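Biologist: I have a model open on my screen and would like to go through the terms used for it. Could you take me through them?

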Amino acid sequence: MKSDNSFLKGTLILTVSSIVVKVIGALNWILLSRVLGGEGIGLYQMGFPIYLMAITVSSAGIPVAISIVTAEKVAKNDFKGAERVFHVTLRLLFVTGLVFSLALFFGAQKLIDWQFIRDARAYYSIIALAPAVFFVTFLASFRGYLQGWQIMTPTACSEITEQLVRVVTMLFFASYFLPKGLAAAAGGASMGAGAGAFCSKAEPAKYGCGSGNVFVHYFTSPEAGAAGFPYQPDVAHRGQPGSAYCAPAAGSGRL
């Protein structure tokens with residue numbers, strides 16, 4: 001019953017955050033179109049198909065796999081195994097995100113030369129999106145890991161933070177670069193994706209890693225009690241004082 005309540009609560013949290021994100025996004029389009037106009041919006045959107053493809057290939061469904069495998073490890077009380085899954089996938093997504101980010105940045109001109117992107121003015125939009133490929137891919141490992149623990153609040157908070165920062169940055173730089181031309185303004189708007197993804201790492205990272213080790217600060221979240229896992233700080237874990245460890249509740253049926 002507690003597990004069901006935790007699942008429903010997590011679903012509700014993600015649903016609410018999704019609605020908030022969509023509302024913010026809808027308002028953003030209204031404001032951005034007033035700044036860039038129809039032609040500027042077109043230049044801004046030209047880089048997004050390539051950007052979305054790079055994100056899809058760089059992560060390749062790994063976050064979903066992280067969530068599933070982590071949940072299986074936790075169900076078996078294999079907490080170190082869950083931590084190892086996070087370590088391995090974090091490194092993997094770091095590398096793939098970095099590779100595709102650099103490829104998009106340095107290959108932007110080639111995409112235009114080879115007519116994949118037909119308007120050369122979209123160049124600035126493409127290179128401005130390159131950093132976002134790395135940050136979004138890297139962040140996916142944290143989100144997948146925490147969802148495996150049924151900790152949904154950091155994911156919801158990071159999604160809202162990402163959208164808010166993205167919108168503010170987008171509107172600011174679009175307005176700032178507008179006097180330099182629509183191409184520069186569209187590139188400025190594209191910078192919002194990277195800024196939003198970078199700032200959204202803060203909340204999941206608090207639960208994720210520190211000093212090279214993964215510490216699940218689950219004891220601070222309301223989901224812990226629902227799942228039967230009260231966590232206690234300042235207890236040695238893997239022989240390292242000062243880190244957090246998982247101590248199942250008495251009578252929870254977990255070792």
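Biologist: Which residues lie nearest the centre of the largest pocket?

Modeller: V136, R143, E159, E162 and Q163 do, out of 13 residues that line the largest pocket. A word on the basis: this is a predicted model, where local features need pLDDT of at least 70, side-chain atom pairs count only at pLDDT 80 or more, and totals for chains, interfaces and linings use all residues. Residues are numbered from 1 along each chain as its sequence is written, and side-chain values use heavy atoms, leaving out hydrogens and water.

Biologist: What makes a set of points a pocket?

Modeller: On a 1 Å grid over the protein atoms alone, a pocket is an open set with protein on both sides within 12 Å along at least five of seven lines, whereas a cavity is a set where a 1.4 Å probe fits but cannot get out; lining residues have an atom within 4 Å of a point. The volume here is about 360 Å³, that is, the space filled by probe spheres set on points joined across faces, edges and corners.

Biologist: Which helices each supply at least two residues of that lining?

Modeller: α2 (48–59), α5 (123–148) and α6 (153–177) do; helices here are DSSP runs (H or I, at least four residues; strands are E, at least two), numbered from the N terminus.

Biologist: Why is T169 called buried?

Modeller: Buried means under 20% relative accessible area, with exposed over 50% and partly exposed in between (1.4 Å probe, protein chains only). T169 has 12% relative accessibility, so T169 counts as buried. This residue lies in helix α6 and touches G188, M191, G192 and A195, not counting residues up to four places away in sequence; contact means heavy atoms within 4.5 Å.

Biologist: And what does the side chain of T169 reach at 2.7 Å?

Modeller: The backbone oxygen of V165.

Biologist: What makes a set of residues a nonpolar core?

Modeller: The members are buried Ala, Val, Leu, Ile, Met, Phe, Trp, Tyr and Cys residues joined through side-chain atoms within 4.5 Å. The largest such core has 31 residues, and L32, L36, Y44, Y51, L104, I117 and A189 touch the most other members. Apart from it lies another core of 16 residues, including V74, V85, F142 and I151.

Biologist: Which residues does A189 touch, beyond those up to four places away in sequence?

Modeller: L32, L36, Y44, M170 and A174.

Biologist: How much of the whole protein counts as buried?

Modeller: Of its 255 residues, 47% do.

Definitions and conventions
Polar contact = N/O pair within 3.5 Å; in protein donor to acceptor, adjacent residues only side chain to side chain.
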